[in-house]
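Please examine the nonpolar cores and aromatic rings of the structure shown below.

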Amino acid sequence: MFVALATGGLWRVLWYSTALALVVAGFTATLRLLGVEWRKIRWCLIGVYGAVYIWWFFANGIIIDRISVLWSFAIFLCVASVGRPAHEWWRTARDLGFFVAMWLAYDESRGIADGLGMPVQVESVRNIDRFLFFGTDGVVWLQENFLAPAGTVRWYDVIASFVYYSHFVLPPLVMAVLWLSNRQQWIRYMRRFATVIVLACVGFVLFPTAPPWMAAGGTNGSGYEFDALPPLRRPTGNGWRHIGLDGFVEAWDVGRDWANEVAAMPSLHSAYALFVVVFFWPKIRPVWLRYVALLYPLTMAVALMYFGEHYFTDALAGWGIVGISFFVWNRVEKRGLASAPESGTGSTDETLEPASAR
């Protein structure tokens, strides 16, 4: 963490957060003196938070590294809790603690993997993809047939970049909205989300996997040199640069230097894309729109291959852990609901809330 705090980008987050806290205190005190109720103050502060976040997005790029994400989420929870009683602040602190533990566990998976010395998978995953695509390297085929020469951007590059980077926006946005609007649904979401991360971390530790760009001899900070595929490019930012959001791409380039480069199996990009669709699946109306929504995870999987970031096998594994998570928690919650009337120990809502949150 101290190493992370030494980076210029994170120091900016820290100082802007401190300044924002002072502004919040002054703004809140002024509105209270004017007799404004706490609920309206909270919504005003949430609006300010959203405006600052959007400004930061266009000025500096999206907040992407783990510590900065945790810090920004902590600010959001604090802003959304202003004026609430002490017991609700305690609940907010527990919620934040759960979120921090979840993300730090993901970060620590790299250190555990390195400590175990598990061999990096290269040909095995590539061979599974070749089997699925009848002897063709799907990643290579996509770049050979659709990727334009350097400096040229096509319309589908913009779409692919938007879909790819939505991974860093949509899941935490849903977390924030659910936390504000329906905490029971937030608990359901977080149970499943945390389970997906735990299963993914197990995969990262036991099966460290070279992504296609690395398997093709791409430059990396891990010291690996492979030549299992022809040379590939990583044009994830082409679409964003084309519409003038170079700062966004630069933030990603810095953020991915923090990442575990061999955490490719399973693909969390693919997992999160399907996760959001499956979570809201019963509520999507009309029914045909549900199947349209499935285009999101499918497009994500294709974009990941096109950018040389993942094999299709990684996407399948990501979708698999989402299925496991929902299957387990749906059964657990169904049993909880069934047993609640017999036990007489609480309401239906209480059965959805973990014991630590009661």
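This is a predicted model: local features need pLDDT of at least 70, side-chain atom pairs count only at pLDDT 80 or more; totals for chains, interfaces and linings use all residues.

Residues are numbered from 1 along each chain as its sequence is written, and side-chain values use heavy atoms, with hydrogens and water left out.

A nonpolar core is a set of buried Ala, Val, Leu, Ile, Met, Phe, Trp, Tyr and Cys residues joined through side-chain atoms within 4.5 Å. Buried means under 20% relative accessible area, exposed over 50%, and partly exposed in between (1.4 Å probe, protein chains only). The largest nonpolar core holds 48 residues, and those touching the most other members are F99, M102, M175, Y189, F193, V196 and Y272. Helix α10 gives the most to this core, with 11 residues; helices are DSSP runs (H or I, at least four residues) numbered from the N terminus. A second, separate core has 34 residues, including A210, M214, A228 and A303.

The structure holds 25 aromatic pairs. Rings of Phe, Tyr and Trp (its six-membered ring) pair if their centres lie within 6.5 Å; planes under 30 degrees apart count as stacked, over 60 as edge-to-face and the rest as tilted. Two pairs are listed here.

| Pair | Centre to centre | Between the planes | Type |
|---|---|---|---|
| F73 and F76 | 6.3 Å | 35 degrees | tilted |
| W155 and Y156 | 5.4 Å | 80 degrees | edge-to-face |

F73 and F76 are three residues apart in helix α4, so about one helical turn separates them. F73 is buried at 7% relative accessible area, whereas W155 is exposed at 64%.

Terms used
Helices (H or I, at least four residues) and strands (E, at least two) are DSSP runs, numbered from the N terminus.
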